[in-house]
Amino acid sequence: MQAFNRTTASAPPPYPEAILQFGGGNFLRAFTGWIVDVCNEKQGARLGVLVATTTARQHYGEWNDQEGLYHLRTKGIRDGKTVDETRLITCVSRIIAMGPQWEAFLATATNPATKYVISNTTEAGIRFGESNRKADDPPATFPAKLTHWLYRRWLHFSGAERAGLTFFPTELIVDNGECLRECILQYSRHWELEGAFADWVRDHNCFCNTLVDRIVPGIPREELPGVQEELGYKDVAVTSAEPYHLWAIQAPESVREELPLDELGLNIVFTDDLAPYRESKVRILNGAHSSMVPVGLMAGLETVGDALQDAAVGSYLRKLVLDEIVPSLDLPAIDLEGYAESIMDRFRNPFIDHRLIDISLNATSKMRVRVLPSVLAFHGRFHRLPPRLVTAFASFVRLYRPEENFTLTDDAAALGYMRDAWATSSGDLERVVNKVLSWEENWRQDLREVPGLTAALKDALTKMEREGFRSALER
């Protein structure tokens, strides 16, 4: 197997490092790295990416040795057809480890070519930690490291407006751009930096709120040798993703004019309001996932693929999404039915093996955030309860019955409450239902006050018990 570098792969030399990217994991390689590469190809953007990582893992060192190159395999279902594509990504110039190369990392702040910052540091990454000191070498949190870097840049360019940057955080938190800016300003105050620096951060840097969506399973370790054999290179950074992708960016018009990503022919949108995109994702994609899990498990299925291929569960899920979740939404800016159809394709992806029991993690909070809003919105709009969503709710309740013997991973208080509801009911389903629905700490309201919900939930559980789960589902 030949060496993998820009010479052997006939790749262009690296472009100027216009993008500082925090994180080198599968998601950014398969999402923003791919988008930047397409931008370079279609718009001649010549955007180079400097990847900053927290540690000097062997994996990153080997990726650096292959001059930042890697392959992306896109596998799944698009418009009902199987997709299996491979692309060589050439936009990454190098990888730098902030731990052992802290000073070298800070030195990159003086690069006048740098215009953009991209990050993906998990939902817990954008946070303020009072124990992070300016003298730390480096500090622990991502915003603290970024504050150091920005301060070095501010000093080097004497606070010039032209040195300001545009930030695209992809962490899955609401208002991620605004949260990142506030963390930086908080560190500036905590470290007693000059007020002029804080003014420069506020006035000459643009922090965009964004929403991202793409499943990136990567390459399982046991499959990596075979994939590398197919590629003809020992590519240590190769990854894989589903075809579907969404990047919704809340940004001023000046950002769109400078970086017209929405003209690439990809599913990238600039918007003044991320709320419709966030709500459609949570209610349709996440809501369908969280409804599918208890129903699939109770039906004896193991994976998302099994659920879609099962005649009864697959039909149930499709009707739940199209006949109950979609009608409960009022989002005229979104093609809800088109989005729902794309989700069915994603669920059918034969290349992704999603175990239902894994998706059941923290099911109680997910039921509150992802499923309950559709139940309430449907009831409010049509003055009746959605039967399939009620079935999902009832299946969720039954999952916690000790006799089911599912190994559930949930908040300790949630596990205790749900199991206690069954343990103290003496087999009386009405008592179980009343106990669950009265759990205001979780639901943020007393669900017994929703007209008809107590009776509907009890009726669904009764049918499951008398007729068997599958018979009740098919009815």
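**Salt bridges, aromatic pairs and a charged patch**

Arg-398, Arg-401, Glu-403, Glu-404 and Glu-465 are joined in a network of salt bridges. The model is a predicted one. Arg-401 sits in the loop between helix H16 (387-399) and helix H17 (412-423), whereas Glu-465 belongs to helix H20 (residues 453-467), so the bridge ties together parts that are 64 residues apart in sequence. The two partners were also examined for accessibility. Arg-401 has a relative accessibility of 17% and therefore counts as buried, the limit being under 20%. Glu-465 has a relative accessible area of 44% and is partly exposed.

Side chains of opposite charge can pair when their charged atoms come close. Across the whole structure, 26 salt bridges are found. One of the salt bridges joins the side chains of Glu-41 and Arg-87, with an N to O distance of 2.6 Å. This pair links distant parts of the chain. Glu-41 lies in helix H2 and Arg-87 in strand E4 (residues 81-89), 46 residues apart. Glu-41 counts as exposed because its relative accessibility is 53% and the limit for that class is over 50%. Arg-87, at 23% relative accessibility, counts as partly exposed.

A further salt bridge is formed by Arg-78 and Glu-85. Their closest N and O atoms are 3.8 Å apart, which is within the 4 Å cut-off for a salt bridge. Arg-78 is partly exposed, with a relative accessible area of 36%. Glu-85 is also partly exposed, at 40% relative accessibility.

Acidic side chains also gather on the surface. Glu-253, Glu-257, Asp-272 and Asp-273 make up a patch of negative charge there. Glu-253 is placed in helix H9 (residues 253-258). The relative accessible area of Glu-253 is 48%, so this residue is partly exposed.

Aromatic contacts were considered next. A pair of aromatic rings is described by the distance of the centres and the angle of the planes. The structure holds 25 aromatic pairs. In one of them, the ring centres of Phe-31 and Trp-247 are 5.6 Å apart. Their planes stand at 65 degrees, so the pair is edge-to-face; the cut-off for this class is over 60 degrees. The pair links distant parts of the chain, 216 residues apart. Phe-31 is in the loop between helix H1 (26-30) and helix H2 (32-43), and Trp-247 is in strand E11 (residues 246-250). Phe-31 and Trp-247 are both buried.

Trp-154 and Phe-197 form another aromatic pair, again edge-to-face. The distance is 5.8 Å centre to centre, with 70 degrees between the planes. Trp-154 lies in helix H5 (residues 142-156) and Phe-197 in helix H7 (residues 195-204), so the pair ties together parts 43 residues apart in sequence. Both Trp-154 and Phe-197 are buried.

Aromatic residues also form a cluster. Phe-393, Phe-396, Tyr-400, Tyr-417, Trp-439 and Trp-443 belong to one aromatic cluster.

Notes. Residues are numbered from 1 along each chain as its sequence is written. This is a predicted model: local features need pLDDT of at least 70, side-chain atom pairs count only at pLDDT 80 or more; totals for chains, interfaces and linings use all residues. Side-chain values use heavy atoms; hydrogens and water are left out. Patches are made of residues with over 30% relative accessible area and no salt bridge: like charges are joined within 9 Å, nonpolar side chains (Val, Leu, Ile, Met, Phe, Trp, Tyr) within 5 Å. Accessible areas come from the Shrake-Rupley method with a 1.4 Å probe; for residues, only the protein chains shown count as cover. Lys and Arg count as positive and Asp and Glu as negative; His and the chain ends are not counted. The place of a charge is taken as NZ of Lys, CZ of Arg, CG of Asp or CD of Glu. Helices (H or I, at least four residues) and strands (E, at least two) are DSSP runs, numbered from the N terminus. Buried means under 20% relative accessible area, exposed over 50%, partly exposed in between (1.4 Å probe, protein chains only). Rings of Phe, Tyr and Trp (its six-membered ring) pair if their centres lie within 6.5 Å; planes under 30 degrees apart count as stacked, over 60 as edge-to-face and the rest as tilted.
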